[in-house]
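Okay, thanks for coming, everyone. Let me put this one up on the screen, and then I'll talk you through it.

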Amino acid sequence: MKTRRTTKRAVANRIGIHEKTAANRMARAAGLSSEVLGELVEALNTPDDICAATSRLAGRVAPSKKAVASWLSPDLPAYRAYLDSIKRPSVLYGIGWRVVHCNKAYRELFPPGPHIPVFPRAMPLENGVLYMLRHPNAARLLGAESMEAYERHWRTLALAHFAAVYQENRDHPELQNILREREKSPSLYASYESATKWVREHGDVAVSSEPRPFFDPRGEEHVTRAQVLPEAHPGSPLQHATWVIEGDVVDDGGGDGGDGGDGGDDEGVG
C-alpha cells in the first residue's frame, strides 16, 4: 500500500465495501477465497509479478487477468454517482451478483442486525443472490416469514435465473462459487435441478415483475410487497437494480432508476 501510495479507504471504495471490511479482509488474507483475495489485489492496482507473489504467500493461485473485473470498470464512478442520486434502494453488481456499490437507501433496507444476522458470504450488502439462496433468515424479509412465499416468489426465481446465466457463462469464477454454495445444501441442490429443467423447457423464469411478499424492516416494520426492477448496461460488466417497496412515497425527480429493465427481476438484490 505504501508503494502504491494508497489507503484502505481508497481500496474499499474501489471494491465498493466499507473501510473496516477492507481492513478485516487484509488482516485475514490467508483465509480468503481466491476470488476475494484477487479482488483486493486488483483494487491495489498491483503489478503482475507482485500479484502472483501475494497469491503464493496466501496459498492461492493468482487470478486470471483475461477479464476486466466489474469493480474496476471505467464506468464505475458514473454508475456510483447515478445510484447515489436515486432515492429508492438501488444496487450495482456484476455478473455473479457481487455487490459493487449500493446507495444509502439500499443499505438502510438491508442492514446487518436482528433481521439479517451475519452469515458468511450470504449477506445482501455483499451478494444478493447468495443471500436469497443461502442465508438461513432470508425468509424473514423475502416472503414476509412465509416459507411457501419465500420459496415460490424469491428462491425459485433466483435459482432459475442463476441456472439460465450459468448455462451461458460456465467458466465464470463467481458463478462457479455460487454453484459450490448450492452443493452445500441438499435441498438447494434438488431445487436447482428442478429449476434447471424448467429453464430448458420454458426459458428464463425470471421475467415476472409481479410484486412479491416482503417484510419491510425500516421504521414501523410491516408486511408489504416489493418489485425489483433491473437495468442492464450494454457493453459493461455492471448492472443495477432498484427496489420499489409498496407504500413508499419517494420524490426522486420523476424516476426511480429502475424502469428501464429487461424484466429479469430476481437478480436485483445484488
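So, helix 2 gives the most to the lining of the largest pocket, 5 residues. Quick word on what you're looking at: it's a predicted model, where local features need pLDDT of at least 70 and side-chain atom pairs count only at pLDDT 80 or more, while totals for chains, interfaces and linings use all residues. Numbering runs from 1 along each chain as its sequence is written, and side-chain values use heavy atoms, with hydrogens and water left out. Helices (H or I, at least four residues) and strands (E, at least two) are DSSP runs numbered from the N terminus.

Back to that pocket. Its volume is about 1,200 Å³, meaning the space filled by probe spheres set on grid points, which are joined across faces, edges and corners. A pocket here is an open set of points on a 1 Å grid over the protein atoms alone, where a 1.4 Å probe fits, with protein on both sides within 12 Å along at least five of seven lines; lining residues have an atom within 4 Å of a point. There are 40 of those, and the closest to the centre are Ile17, Thr21, Arg25, Leu125 and Glu126. Elements giving two or more residues include helix 1 (8-15), helix 3 (34-43), helix 10 (173-183) and strand 2.

What's the strand order? It's 2-1-5-4-3, an open sheet of 5 strands with antiparallel pairing, where pairing takes at least two DSSP bridges. The edges are strand 2 and strand 3 (212-216), each pairing on one side only.

Now zoom in on strand 1. On one side, 3 bridges join strand 1 to strand 2, and Leu92 has His101 as its bridge partner. On the other, 4 bridges join strand 1 to strand 5 (residues 239-245), with Tyr93 standing opposite Gln239.

Strands 1 and 2 form a hairpin with 5 residues between them, and Trp97 in the turn has a positive phi of about 65°. Arg98 sits in that loop too, between strand 1 (90-93) and strand 2 (99-102). Is Arg98 buried or exposed? Buried, because its relative accessible area is 15%, and the cut-off is under 20% (1.4 Å probe, protein chains only). The Arg98 side chain also makes a polar contact with the side chain of Glu174, at 3.3 Å. That term means a pair of N or O atoms within 3.5 Å; within protein, one must be able to donate a hydrogen and the other to accept it, and sequence-adjacent residues count only if both atoms are side-chain atoms.

Technical notes:
Buried < 20%, exposed > 50% of the residue type's maximum accessible area, 1.4 Å probe, protein only.
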